[in-house]
Amino acid sequence: EKEKVITSFQTQDSKRDMVLIAKACSRIYFRIDRRQIHYLKFILEGYDGMAVMRNLDSQAGLVVIHVAPGCEYVVNAIVGDLKNDIRMETSKAPSN
């Protein structure tokens, strides 16, 4: 008998679960050419469930990539390859 896997979307308290998932993700901050923000987001979304990019300051090209646990190696490889096409550099987390 197969074990049923319950995702966070199937629980009654999915908002709480999403917060827990977000806390488990690692974050990588980048400053990129602002004209390439949409391209980077499009590429990352193609790898379903591995990473989500959020735009922090579109004028400055500051973005954060939330990486799912266990996907750090693959996301770093993708970003490393994209550095050949996009001008991007790692950045520190913005201070609030």
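Contact here means heavy atoms within 4.5 Å. Among contacts in the chain between residues at least 6 apart in sequence, 63% join residues at least 24 apart. The model is predicted, so that local features need pLDDT of at least 70 and side-chain atom pairs count only at pLDDT 80 or more, while totals for chains, interfaces and linings use all residues. Residues are numbered from 1 along each chain as its sequence is written, and side-chain values use heavy atoms, with hydrogens and water left out.

The chain holds three helices and four strands; helices (H or I, at least four residues) and strands (E, at least two) are DSSP runs, numbered from the N terminus. Read from the N terminus, the order of these elements is α-β-α-β-β-α-β. Of the 96 residues, 29% count as buried, where buried means under 20% relative accessible area, exposed over 50%, and partly exposed in between, with a 1.4 Å probe and protein chains only.

Strand E3 spans residues 62–67 and is mostly covered, with six of its six residues buried. Both of its faces are covered: Leu62, Val64 and His66 lie on one side, and Val63, Ile65 and Val67 on the other. Two strands are taken to pair if DSSP finds at least two bridges between them. E3 runs antiparallel to E1, to which six bridges join it, and Phe30 stands opposite Val63 in this strand. E2 and E3 are likewise antiparallel and joined by six bridges. These two strands form a hairpin with four residues between them, and Gly61 in the turn has a positive phi of about 75°.

Within E3, His66 stands opposite Val52. The relative accessible area of His66 is 17%, and the residue is therefore buried. Apart from neighbours within four places in sequence, the contacts of His66 are Cys25, Ser26, Arg27, Met50, Ala51, Val52 and Arg54.

Helix H2 (37–45) has Ile37, Leu40 and Leu44 among its buried residues. Seen down the axis of H2, the buried residues fall within an arc of 70°, so they line one face of the helix; the arc is that of the directions from the helix axis to the C-beta atoms. On the other side of H2, His38 and Phe42 are exposed. The buried residues of H2 pack against E1, E2, E3, H3 and E4.

In helix H3, which covers residues 72–82, Val75, Ile78, Val79 and Leu82 are buried. Seen down the axis of H3, its buried residues fall within an arc of 95° and so line one face of the helix. An α-helix has 3.6 residues a turn, so residues three or four places apart point the same way. The cover over the buried residues of H3 includes strand E1 (26–32), helix H2, strand E2 (51–57), E3 and strand E4 (88–90).
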